[in-house]
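Let's walk through this one together, piece by piece. Keep the viewer open and turn things around as we go.

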Amino acid sequence: MTAEIIGTYAVAICLLVGAGFAMVGAIGLLKFNDSMTRLHAPTKVGTVGIGALLLASMIHSFTVGDGSLHELLIMSFLFVTAPISANFMAKVNIHRRACDTPPEPPQDDTWSTLNVPEADREMASPSVQSPKA
Amino acid sequence: MIKAYRWLLPHPLVTLLLAVVWTLLQNEISAGMVVFGVILGIIIPWGTSVWWPDTPRAFHVSRMVTYSIMVIWDIMVANVQVAWIVLTKPNSKLRPAWIVVPLELRQPEAITILAGTITLTPGTVSADLSDEGHSLLVHVLHTEDPDAVRDEIKTRYERRLKEIFA
């Protein structure tokens, strides 16, 4: 019986922590006014937010039901895919000149996103970009 | 003997990983499912090995485990820091910056793990790689001293990754 009570408290704390971090992520998304800084809030704070919610689900299943480890898989898939989507959004920002132009790399010619072949220069020029999102 | 082993198990760690993921997907441990997971873990890397010609020669699993634990701890600490910045810093006082990290790592796998680590650690996003892959472009949410952030990435993460893939 006591294990169940401790488990309930642990689940409640994890849910509160997760929901709190998710809310901070949403606040950051609304508050920041630049597309690159806006990228930081949801992708980051979200990882711990969702991690805590999944931990709550795992504790709940182990104290009340049969136990489940699916949440570990969700967490690992999330941790593997989140950087990739963040990277894609950053690349789109660079490509559309929606942020400050990054400094030149010290060793190579340019950044791979800005390395546009001669024939496609016109398509990638800033004059045809749509207004800042 | 070694040749047969390499032919059958081109990526032994992937085999193990696939077996574990399959067992976790089933959500219960039974001998049949573990065996089926191992079979999948052998067939999938064997069938796709043509498309991964350059696998890293060395990979230290124990160092990777300590590295992962360190990264998870860093993620939790930095999450609180970023949450604090989001809640207390007004937009006018925010100092976002681009940072260029010159890379000593050369293997694509190692660079991928480094970029993923940087993105998962709150406050920094890895944005781009230079056209020949010798520097990494990182965006920082708020910093007073960009050079210190670059040095921290180099000493804390890149040095350890070099040891993992050494």
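**Strands, helices and a crossing**

β1(B) and β3(B) pair in the antiparallel sense over six bridges. Strands here are DSSP runs of E with at least two residues, helices are runs of H or I with at least four, and both are numbered from the N terminus. Two strands count as paired if DSSP finds at least two bridges between them. What you have on screen is a predicted model, where local features need pLDDT of at least 70, side-chain atom pairs count only at pLDDT 80 or more, and totals for chains, interfaces and linings use all residues. Residues are numbered from 1 along each chain as its sequence is written, while chains are lettered from A and ligands numbered from 1 in the order in which they are written.

Stay with that pairing for a moment. P102(B) has S135(B) as its bridge partner in β3(B). On β3(B) there is also a pairing with β2(B), again antiparallel, this time over five bridges. Put together, the three strands make an open sheet in the order β1-β3-β2 of chain B, with antiparallel pairing. The edges are β1 (97-102) and β2 (124-129) of chain B, each of which pairs on one side only. Neighbouring strands in this sheet are turned by 30° against each other on average, direction ignored.

Look next at the hairpin of β2(B) and β3(B). Five residues sit between the strands, and G133(B) takes a positive phi near 80° in this hairpin.

So how covered are these strands? A residue is called buried if 20 or more other C-beta atoms lie within 10 Å of its own, exposed if 12 or fewer do, and partly exposed in between, with C-beta atoms placed from the backbone. By that count six of the six residues of β2(B) are buried, so the strand is largely enclosed by the rest of the structure. β3(B) is mostly covered too, with six of its six residues buried. In a regular strand the side chains alternate between the two faces of the sheet. In β3(B) both faces are covered: S135(B), L137(B) and H139(B) are buried on one side, and L136(B), V138(B) and V140(B) on the other.

Now for the helices around the sheet. Helix α6 (residues 146-164) of chain B lies across β1 and β3 of chain B and runs at about 40° to β1(B). Axes are lines fitted to C-alpha atoms, for helices over the stretch in contact, and angles run from 0 to 180 degrees between N-to-C directions. A contact between two residues means that their C-beta atoms, placed from the backbone, lie within 7 Å.

Time to bring in the other chain. Two packed helices are described by the angle between their axes and the distance between the axes. For α3(A) and α5(B), the angle is about 85° and the axes are 9 Å apart. That makes α3(A) and α5(B) roughly perpendicular to each other, a label that covers 65 to 115 degrees; under 35 counts as roughly parallel, over 145 as roughly antiparallel, and the rest as oblique. On the α3(A) side the contact is made by F79(A), A82(A), P83(A), A86(A) and N87(A), and on the α5(B) side by A115(B), G116(B), T119(B) and L120(B). By class, this contact has six nonpolar, three polar and no charged residues. Ala, Val, Leu, Ile, Met, Phe, Trp, Tyr, Cys and Pro count as nonpolar, Asp, Glu, Lys and Arg as charged, and the others, Gly among them, as polar.

Zoom out to the whole contact between the chains, which takes 43 residues from chain A and 36 residues from chain B. On chain A's side, α1 (2-31), α2 (35-63) and α3 (70-95) each supply at least two residues. The largest share, 11 residues, comes from α3(A).

Finally, take chain B as a whole. There are six helices and three strands, running α-α-α-α-β-α-β-β-α from the N terminus on. Buried residues make up 27% of its 166 residues. Q26(B), in helix α2 (residues 12-26) of chain B, counts as partly exposed with 15 C-beta neighbours inside 10 Å.
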